Amino acid sequence: MLSQIVSALGVVVVAVFACSAYFYFSNKILDLALPVKDGGMRAATRNLNRRAMIRPWLFLGPALFLLIVYLVYPVIATLILSFYDRSGSSFVGLANYQWAFGDREFRQSILNNILWLAVVPAACTFFGLVIAVMTDRIWWGNIAKSIVFMPMAISFVGASVIWKFIYEYRGGNDVQIGLLNAIVQLFGGTPEVWISVPFWNNFFLMVILIWIQTGFAMVILSAALRGIPEETIEAAVIDGANGWQIFWRIMVPQIWGTIAVVWTTITILVLKVFDIVLTMTNGQWDSMVLANLMFNWMFRGGGDSGRSAVIALIIMLAVTPIMVWNVRRANRELGGN
């Protein structure tokens with residue numbers, strides 16, 4: 001453990017030093033290559049203009065290089081692999097795409113992802129907004145916020161293990177140690193293996209992600225609520241608006257941009273959800289999602305790079321419109337300012 005910490009700190013120090021050295025020496029080389037003290041006024045002006053054109057690219061260069069290596073190249077490579085067989089050696093055309101749309105498990109994964117998209121972002125945003133409003137009205141609101149935010153510090157696998165105990169089922173006459181089954185049994189119900197019930201098990205898995213991400217939504221929306229001018233609320237009170245009207249007609253419209261950001265951020269996370277399904281059900285009982293299906297085809301049973309590439313492209317295509325919308329909305333807001 002200690003060696004890992006020391007290694008991580010060493011990497012951080014070396015990386016910071018390397019970045020500082022790069023920016024320092026690249027600027028020095030640029031100044032030496034385009035001097036402004038020799039060659040007269042015209043040459044100095046020309047070199048200053050060239051420096052101004054080149055210098056931003058010196059700062060952007062490393063980021064653009066990493067973007068190309070770790071984002072653009074993998075996308076292109078994945079697209080090419082989707083037209084090849086499982087080993088990536090023989091061209092098969094659209095065969096992998098035909099398989100995908102004809103495969104029952106793939107179609108089930110698409111439906112499950114749509115279900116997750118319909119429920120999780122809406123639930124996280126709603127609960128986060130409600131908690132943000134309620135905790136701002138009580139003296140122990142900061143304590144409540146800390147408790148709600150705490151699951152954000154837990155990994156998806158750790159949270160899944162916690163909720164696995166909540167959904168735990170014991171057969172026969174054994175005492176039910178799972179909280180949900182204990183409650184059901186207390187009220188005279190029959191304990192169930194909840195995560196094995198098709199369709200409904202998706203909702204039991206969604207609860208885990210909602211539990212984790214509600215704290216994120218709450219913190220962002222709470223900050224947005226505190227940015228609302230008090231004058232608008234006071235004016236609404238003077239006009240006779242009640243609490244419900246103030247919330248929906250005064251507060252929500254003023255933080256709608258923040259709500260959209262929270263919603264889209266959680267939506268992108270949902271499209272990549274993997275750990276929870278893998279830990280809880282491993283995709284069994286019709287709970288498979290696209291990220292888990294891609295993992296299965298990529299690493300299990302010898303792997304199939306062609307089919308896993310198709311699934312990866314579907315996920316990327318689903319994420320892209322949301323990212324584009326976010327960027328365009330941000331550009332409009334900056335343009336408006």
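Leaving aside its neighbours within four places in sequence, which residues is L209 in contact with? With contact meaning heavy atoms within 4.5 Å, L209 is in contact with W116, V120, C124, F156, L269, V270, V273 and I276.

Before I continue, a word on the source. This is a predicted model, in which local features need pLDDT of at least 70 and side-chain atom pairs count only at pLDDT 80 or more, while totals for chains, interfaces and linings use all residues. Residues are numbered from 1 along each chain as its sequence is written, and side-chain values use heavy atoms, with hydrogens and water left out.

Let us begin with the interior. A nonpolar core is a set of buried Ala, Val, Leu, Ile, Met, Phe, Trp, Tyr and Cys residues joined through side-chain atoms within 4.5 Å. Buried means under 20% relative accessible area, exposed means over 50%, and partly exposed lies in between, with a 1.4 Å probe and protein chains only. The largest nonpolar core has 43 residues, and W116, V120, L129, L209 and L225 touch the most other members. The elements that give two or more residues to this core include α4 (104-135), α6 (156-166), α8 (200-226) and α11 (256-271). Helices here are DSSP runs of H or I, at least four residues long, numbered from the N terminus. The element that gives the most to this core is α8, with twelve residues. Apart from this core lies another, of 16 residues, among them W99, M288, L293 and V319.

I turn now to the aromatic rings. Rings of Phe, Tyr and Trp (for Trp, the six-membered ring) pair if their centres lie within 6.5 Å; planes under 30 degrees apart count as stacked, over 60 as edge-to-face and the rest as tilted. The structure holds 21 aromatic pairs. One of them joins W163 and W211 edge-to-face, at 5.8 Å centre to centre and 70° between the planes. Because W163 lies in helix α6 and W211 in helix α8, this pair ties together parts that are 48 residues apart in sequence. W163 counts as buried, at 14% relative accessibility, whereas W211 is partly exposed, at 30%. A tilted pair is formed by W200 and F203, with 5.6 Å between centres and 40° between planes. Both lie in helix α8, three residues apart, about one turn of the helix. Ring pairs also link W163, Y167, W194, F204 and W211 into a cluster.

How do the helices pack? Axes are lines fitted to C-alpha atoms, for helices over the stretch in contact, and angles run from 0 to 180 degrees between N-to-C directions. Angles under 35 degrees count as roughly parallel, over 145 as roughly antiparallel, 65 to 115 as roughly perpendicular and the rest as oblique. For α4 and α11, the angle is about 140° and the axes are 9 Å apart; the two helices are therefore oblique to each other. Their contact includes W116, V120 and C124 of α4 and W263 and V270 of α11.

The axes of α6 and α8 come within 10 Å and cross at roughly 125°, which makes α6 oblique to α8. Here F156, A159, S160, I162 and W163 in α6 meet V207, I208, L209, W211, I212 and Q213 in α8.
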